[in-house]
Amino acid sequence: MTQAKEKNKPFRQTKKLIRMALEDGWTQTEIAKKARVTQSVVSGWATGKTKAKENQIQFLLDEYGDRLRNGSCHVYCHAEKYYEVDQNLTNYLKKIDIPLPDNSSYISSIELRTLIKAGTGEEVRLPAALVSEKREEIFQVDAPIIFRFTFQCELIVHKKIRKVSTHRWLLHNMGRGGFILARQYRRTLSGEQSKTENRRRQQFSESGVEVPKIASFPDILIGGSNDEAGRWLTDLDELKTTDDLIARTEKLVEGMKEVINIRLHDLEVVLFLLKKALIEAGFPIKGVRKFAAF
């Protein structure tokens with residue numbers, strides 16, 4: 001069979017591919033426009049009633065094909081903040097009666113939070129001014145994902161309302177009752193990086209091509225890598241039981257309510273959808289009323 005005929009065949013994993021895209025923030029209308037079909041056709045693909053041809057959804061295969069082929073291996077980029085053990089940090093810790101760590105020139109945000117919690121019993125938000133540098137690490141998780149959820153913001157970008165996927169949760173089933181919750185957030189440009197990008201855009205404008213400057217929060221979120229995986233940074237939570245997982249996510253949702261741009265609709269439904277995914281995967285959830293046929 002020729003390559004052209006192969007690409008014209010119904011794509012067997014259409015439903016899974018479309019669901020991946022929808023969970024990642026695409027809309028059925030956007031997919032339909034790119035695939036040059038109607039929204040009702042995409043709806044049929046999403047429910048599994050019909051299958052797309054490979055050449056219709058090649059743009060999604062380019063973005064999500066690796067995930068389809070490697071369902072159990074997931075690679076994440078984590079950015080850790082480090083603090084220099086200097087006079088500023090010394091003064092900050094002295095105010096809350098916490099001794100400085102010995103024999104260390106730098107301390108990570110995780111280590112610093114653990115140190116403060118051990119001394120005060122409280123979790124604190126560390127001052128951004130104390131951060132000295134960020135270091136990126138790569139995490140590999142070899143376990144299936146049983147739940148995905150993408151949080152969206154509705155932002156005004158160049159006088160138009162645009163939905164932007166800003167945060168994402170992926171839940172890995174690690175076996176023996178344990179989980180890893182991957183909490184992702186969009187990469188952004190730092191203040192210095194924004195200045196550099198604006199200088200680059202200014203060169204285009206001087207050549208007669210109108211390129212808007214990066215001037216606000218939405219602008220630095222919308223840009224990013226052509227590869228979907230490069231758009232996100234990730235924090236991982238290791239949780240030993242279902243109860244630990246639910247307690248952790250409830251606390252996270254409360255904290256996210258302070259992020260004014262996140263849609264309240266997402267915060268209202270995410271805990272229910274998480275519990276639904278756990279129940280459907282066979283995990284017992286407290287407080288669920290069961291009705292069964294005999």
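This is a predicted model: local features need pLDDT of at least 70, side-chain atom pairs count only at pLDDT 80 or more; totals for chains, interfaces and linings use all residues.
A helix axis is here a line fitted to the C-alpha atoms over the stretch in contact, and the angle between two such axes, taken between N-to-C directions, runs from 0 to 180 degrees. Helix 3 spans residues 28–35 and helix 4 spans residues 39–47; their axes cross at roughly 110° and come within 8 Å of each other. Because angles of 65 to 115 degrees count as roughly perpendicular, helix 3 is roughly perpendicular to helix 4.

Both helices contribute side by side to a list of contacting residues. On helix 3 these are Q28, T29, I31, A32 and A35, and on helix 4 they are Q39, V42, S43, W45 and A46.

Most residues other than glycine have a negative phi. R36, a residue other than glycine, has a positive phi, near 60°. The relative accessibility of R36 is 79%, so this residue counts as exposed, the cut-off being over 50%.

R176 sits in the loop between strand 5 (160–175) and strand 6 (178–186). Its phi is near 55°, again a positive value in a residue other than glycine. R176 has a relative accessible area of 90% and is therefore exposed.

Note on methods
Residues are numbered from 1 along each chain as its sequence is written. Side-chain values use heavy atoms; hydrogens and water are left out. Helices (H or I, at least four residues) and strands (E, at least two) are DSSP runs, numbered from the N terminus. Angles under 35 degrees count as roughly parallel, over 145 as roughly antiparallel, 65 to 115 as roughly perpendicular and the rest as oblique. Contact means heavy atoms within 4.5 Å. Buried means under 20% relative accessible area, exposed over 50%, partly exposed in between (1.4 Å probe, protein chains only).
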